[in-house]
Amino acid sequence: MTIRVRTVVPQDEPQWTALFAGYRSFYDLPEDRRAVAATWEWIVRAAHGLTGLVATDDDGNLLGIANLRRFARPSTATLGLYLDDLFTAPAARGSGVATALLREASSIAANEGASVVRWITAPDNEAARHVYDDVATATPWVTYDMKPGLRPEV
């Protein structure tokens with residue numbers, strides 16, 4: 001099987017939607033058709049600096065998805081490419097889909113003059129981390145999430 005990676009096209013919506021729902025389920029996010037539909041619209045319209053990639057087989061079936069977003073890096077006065085989501089269909093895992101998507105993200109970053117491709121993953125996502133360790137370097141940074149509207153104590 002040959003794995004091809006390309007940007008999403010409108011005709012990908014049904015398969016992309018199923019894969020993105022699978023991604024959300026993998027990370028124990030609740031089913032949310034509105035969030036999936038909104039994300040699809042952002043991806044297909046390249047809103048918010050997003051680019052959607054898909055990996056396909058010889059018949060054009062989607063095997064995996066990657067959602068990329070541009071971001072400014074003030075500390076280096078450069079731009080980076082953030083990998084928000086990466087998901088491989090369960091039946092295609094171990095076939096090189098994730099690596100192909102990551103290589104395309106790296107190529108896009110290089111072509112755009114970006115200084116880094118960055119992403120996060122769950123610490124217990126060992127299968128994915130094995131792939132990631134082959135193409136990238138884990139960082140020592142810890143990620144925090146803060147709820148909007150937090151008022152400082154005086």
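1. In this predicted model, the residue D28, which comes just after helix α1, takes a positive phi of about 55°. Two further positive phi values occur in the turns of hairpins: G60, in the turn between β2 and β3, has a phi of about 85°, and A77, in the hairpin of β3 and β4, has one near 55°. Five residues lie between the strands in the hairpin of β2 and β3, whereas four lie between those in the hairpin of β3 and β4.

2. Helix α1 itself has 14 residues and reaches 20 Å from its first C-alpha to its last, which is close to the 20 Å expected at 1.5 Å a residue. Its buried residues are W16, L19, F20, Y23 and R24, and, seen down the axis of α1, they fall within an arc of 145°, so they line one face of the helix. An α-helix has 3.6 residues a turn, so residues three or four places apart point the same way. On the other side of α1, P14 and A18 are exposed.

3. What covers this buried set? The cover over the buried residues of α1 includes helix α2 (33-44) together with the strands β2, β3 and β4.

4. The sheet is open and consists of five strands in the order β1-β2-β3-β4-β5, with mixed pairing. The strands at the edges are β1 (4-7) and β5 (117-118), each of which has a single partner strand, so one side of each is left without a neighbour in the sheet. Helix α1 (residues 13-26) packs on this sheet, where it touches β2, β3 (62-73) and β4 (78-88), and its direction makes about 70° with that of β3.

5. The pairing can be followed strand by strand. β1 and β2 (residues 50-56) run antiparallel and are joined by four bridges; V5 has A55 as its bridge partner in β2, while T7 has L53. Seven bridges join β2 to β3, again antiparallel, and here L53 has A66 as its partner in β3. A66 in turn stands opposite L86 in β4, within an antiparallel pairing of β3 and β4 that comprises 10 bridges. The pairing of β4 with β5 is parallel and rests on two bridges, with R118 in β5 as the bridge partner of Y82.

6. Two of the strands deserve a separate remark on burial. In β2, seven of the seven residues are buried, so the strand is largely enclosed by the rest of the structure. In a regular strand the side chains alternate between the two faces of the sheet. For β2 both faces are covered, with L50, G52, V54 and T56 buried on one side and T51, L53 and A55 buried on the other. In β4, eight of the 11 residues are buried, so this strand too is largely enclosed by the rest of the structure.

7. The search for aromatic pairs across the whole structure finds eight. One of these is the pair of W119 and Y132, which is edge-to-face, with 5.2 Å centre to centre and 75° between the planes. Since W119 lies in the loop between β5 and α4 (126-135) and Y132 lies in helix α4, the pair ties together parts that are 13 residues apart in sequence. Both W119 and Y132 are buried. Separately, one aromatic cluster is formed by W16, F20, Y23, F26, Y27, W40 and F87.

8. How exposed is F26, a member of that cluster? This residue is found in helix α1 and is partly exposed, with a relative accessible area of 41%. When its neighbours within four places in sequence are left aside, F26 is in contact with F87 and N125. The C-alpha atoms of F26 and F87 are separated by 9.0 Å, although the two residues are 61 residues apart along the chain.

9. V135, placed in helix α4, likewise counts as partly exposed, at 34% relative accessibility. With its neighbours within four places in sequence left aside, V135 is in contact with L102, R103 and W119, so far as contact means heavy atoms within 4.5 Å.

Conventions
Residues are numbered from 1 along each chain as its sequence is written. This is a predicted model: local features need pLDDT of at least 70, side-chain atom pairs count only at pLDDT 80 or more; totals for chains, interfaces and linings use all residues. Side-chain values use heavy atoms; hydrogens and water are left out. Two strands pair if DSSP finds at least two bridges between them. Axes are lines fitted to C-alpha atoms, for helices over the stretch in contact, and angles run from 0 to 180 degrees between N-to-C directions. The expected span of a helix is 1.5 Å times one less than its number of residues. Buried means under 20% relative accessible area, exposed over 50%, partly exposed in between (1.4 Å probe, protein chains only). The arc is that of the directions from the helix axis to the C-beta atoms. Rings of Phe, Tyr and Trp (its six-membered ring) pair if their centres lie within 6.5 Å; planes under 30 degrees apart count as stacked, over 60 as edge-to-face and the rest as tilted.
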